[in-house]
Amino acid sequence: MSGILAAAKAGNFQEIKRLVESGVEVKDCESSDNVCDSPLHYAAKMGSLSIVTYLVEHRANVNFKNEWDNTALHHAVESDSLVIVKYLVENGADVNCKSKSKATALHFAVRNGKLATVEYLVENGAKVTTKGRRGEKTVLYWACRKGNELIVDYLLHHGASKDIHKTDRSGRCCLVKACYEGYTGVVQTFLKFKVDIRKEVELLCGNKEIVNILNLELNKSSKHREKIEKLKALSDEKLTKVGSTLKCFSAKKDFLLGRGCMGTFVYVGIMEDGSEVAVKRILVPASEDLAENEKNILSRVVSPFIVSYRTFLEDATFVYLIVDLCEETLKEHVESKTIEFLREYGPRMIKQILSGLKSLHDLGILHRDLKPLNVLVDIEGRMRLTDFGLSRVLNEDSTTVDTLGKGTLEWMPAEVIKARNAKEIGRFKKKSDIHAAGMIAFFILTEGEHPFGLWPDRMRNILAGNPIYLVNLEDPKAKKFVSWLISHKIDDRPYAEEALSHPFLDQVEIYEELHKPIISLTGR
């Protein structure tokens, strides 16, 4: 080892100075045959700014590579000497020089967890993304592996999002690694940047908190995102306090989802656990019985095709029925789709609606107000029945509810319209719901039409059993199916279970599940 190399390794500035002043050239220690560290490498590694400065002033090559292709900048970063890093960069050090392991100085800074060094390097041209071969560990990957959410956040803000789904040689991307290691803060940072977790096959999580966070993420609303984010941003004094389980709620028009009769409004809300919900606010004097009835119905039913009941709250003026948040009504969904889409996927939508109805009927529950506005579409595209204020539960061994004609005019079957017009008690059966389901099926398959014609004549045509628009259905199977459901005579209609076995539906997959990753604990 030459004198200058030995002096640099020992950190002996005076000896280096003596040798240089006696005529020894610094660059002679940097020949291509020399695979060891140069004096500048040693000085940077030891964090000696005075020696680094002296060597550079005497023609040391700031980009000289050792046998691993590391430069003095790599060593300066590794030794956590930001002042030397700055000096080398200011004197021409290549911030993007790669070692044989394809690591730049930025990789070293991230692995060391030094945010200030990371910031400086990026501000001076260090690349945060890589175009390297498959399996190379990216800068972002190392930040995740070290669990440093502050560095992850900084890198994502500066373009590293392109590397989110790049994998290491084991096929693990940044998100997968952060989940596995239990780095909750890193996972939350990724979600803040709208990382699509559905792209992953499986996410093994190092703690239960991450499992809960990911499951909540899968159920987040897309359509109502702006309302939800605006609600989250409200200060506590601007929120309406309604029980401890409902964390964020405001009855302002900015958060309104829809409205019903008798002073009923539906708003977005956020529960204490972070889940997003729909809050149905009902005026107590006008609709307390309806609200209580709906709560009792929903608490009895568990079905993927019926809205999920969460809780029931009340104050002096209102009751609040809280259910899982859906994306839109069936009416909105149909209006946004092409006729080609509805012909292809309509049978599945109809099968889901009838499956929800079967779940109700199996429990002896009659809906009594089925219509496109009372079918919701969730984040995964499933149909879910809602609004059970008018629903009734059959007495044991009974098939009929004797009741006044209630519901929505153009979606009532003939027997209910007759009772309503005569202001008499009518007989509502399971097959009365089926008639409404048949009209909804037609509505879906025809991009929003009604089988009994336009509004002025619709009620009269229902009473007469005259579905004048049924001819608009081109598919013979569909026409026969809908005709069966909307049969004028109640006994000619099928039960939900029978309708589901019709050739129009029996070969239809009830649900084509959107890809979701398997989320579980590591078991470590």
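Lysine 102 is placed in the loop between α6 and α7. Helices (H or I, at least four residues) and strands (E, at least two) are DSSP runs, numbered from the N terminus. The model is predicted: local features need pLDDT of at least 70, side-chain atom pairs count only at pLDDT 80 or more, and totals for chains, interfaces and linings use all residues. Residues are numbered from 1 along each chain as its sequence is written, and side-chain values use heavy atoms, with hydrogens and water left out.

Lysine 102 is not a glycine, yet its phi is positive, about 70°. Its relative accessible area is 33%, which makes lysine 102 partly exposed. Here buried means under 20% relative accessible area, exposed over 50%, and partly exposed in between (1.4 Å probe, protein chains only). Aspartate 80 also is a non-glycine residue with a positive phi, about 60°. Aspartate 80 sits in the loop between α5 and α6. With 40% relative accessibility, aspartate 80 is partly exposed.

## Salt bridges

A salt bridge is a side-chain nitrogen of Lys or Arg within 4 Å of a carboxyl oxygen of Asp or Glu. Under this rule there are 28 salt bridges. One of them joins aspartate 80 to lysine 114, at 3.5 Å from N to O. Lysine 114 lies in the loop between α7 (105–112) and α8 (115–123), and aspartate 80 in the loop between α5 (72–78) and α6 (82–90), so the bridge ties together parts that are 34 residues apart in sequence. Lysine 114 is partly exposed, at 29% relative accessible area.

Glutamate 181 and lysine 177 form a salt bridge with their closest N and O atoms 3.3 Å apart. Both belong to helix α11 (residues 174–181); they are four residues apart, so about one helical turn separates them. Glutamate 181 is partly exposed, with a relative accessible area of 27%. Lysine 177 is buried, at 8%.

Glutamate 276 and arginine 225 meet in a salt bridge of 2.6 Å, N to O. This pair links distant parts of the chain: glutamate 276 is in strand β5 (residues 276–283), arginine 225 is in helix α14 (residues 225–232), and they are 51 residues apart. Both glutamate 276 and arginine 225 are buried. Elsewhere, a network of salt bridges links Arg198, Asp378, Glu380, Arg382 and Arg384.

## Aromatic pairs

Rings of Phe, Tyr and Trp (its six-membered ring) pair if their centres lie within 6.5 Å; planes under 30 degrees apart count as stacked, over 60 as edge-to-face and the rest as tilted. The structure has nine aromatic pairs. In one of them, tryptophan 411 and phenylalanine 443 have ring centres 6.0 Å apart and planes at 80°, so the pair is edge-to-face. Tryptophan 411 lies in the loop between β13 (400–404) and α18 (414–422), while phenylalanine 443 is in helix α19 (residues 430–445), so the pair ties together parts 32 residues apart in sequence. Tryptophan 411 is buried, with 11% relative accessible area. Phenylalanine 443 is buried too, at 7%.

Phenylalanine 481 and phenylalanine 504 form a tilted pair, 5.2 Å centre to centre with 35° between the planes. Phenylalanine 481 belongs to helix α21 (residues 476–485), and phenylalanine 504 to the loop between α22 (496–500) and β15 (518–521), 23 residues apart. Both phenylalanine 481 and phenylalanine 504 are buried. Ring pairs also link Phe249, Phe265, Tyr267, Phe318 and Tyr320 into a cluster.

## Charges over rings

A charge sits over a ring if NZ of Lys or CZ of Arg is within 6 Å of the ring centre and within 35 degrees of the ring normal. The charged end of lysine 295 sits over the ring of phenylalanine 312, 4.8 Å from its centre. Arginine 368 places its charged end over the ring of phenylalanine 428, 5.6 Å from the centre.

## Cavities

A cavity is a set of points, on a 1 Å grid over the protein atoms alone, where a 1.4 Å probe fits but cannot get out; lining residues have an atom within 4 Å of a point. Grid points are joined across faces, edges and corners, and a volume is the space filled by probe spheres set on the points. The whole structure has two cavities of 30 Å³ or more.

## Domains

Domain bounds come from an automatic or database domain assignment. The protein is divided into domain 1 (3–208), domain 2 (224–324) and domain 3 (328–501). The C-alpha centres of domain 1 and domain 3 are 66 Å apart.

How values were computed
On a 1 Å grid over the protein atoms alone, a cavity is a set of points where a 1.4 Å probe fits but cannot get out, and a pocket is an open set with protein on both sides within 12 Å along at least five of seven lines; lining residues have an atom within 4 Å of a point.
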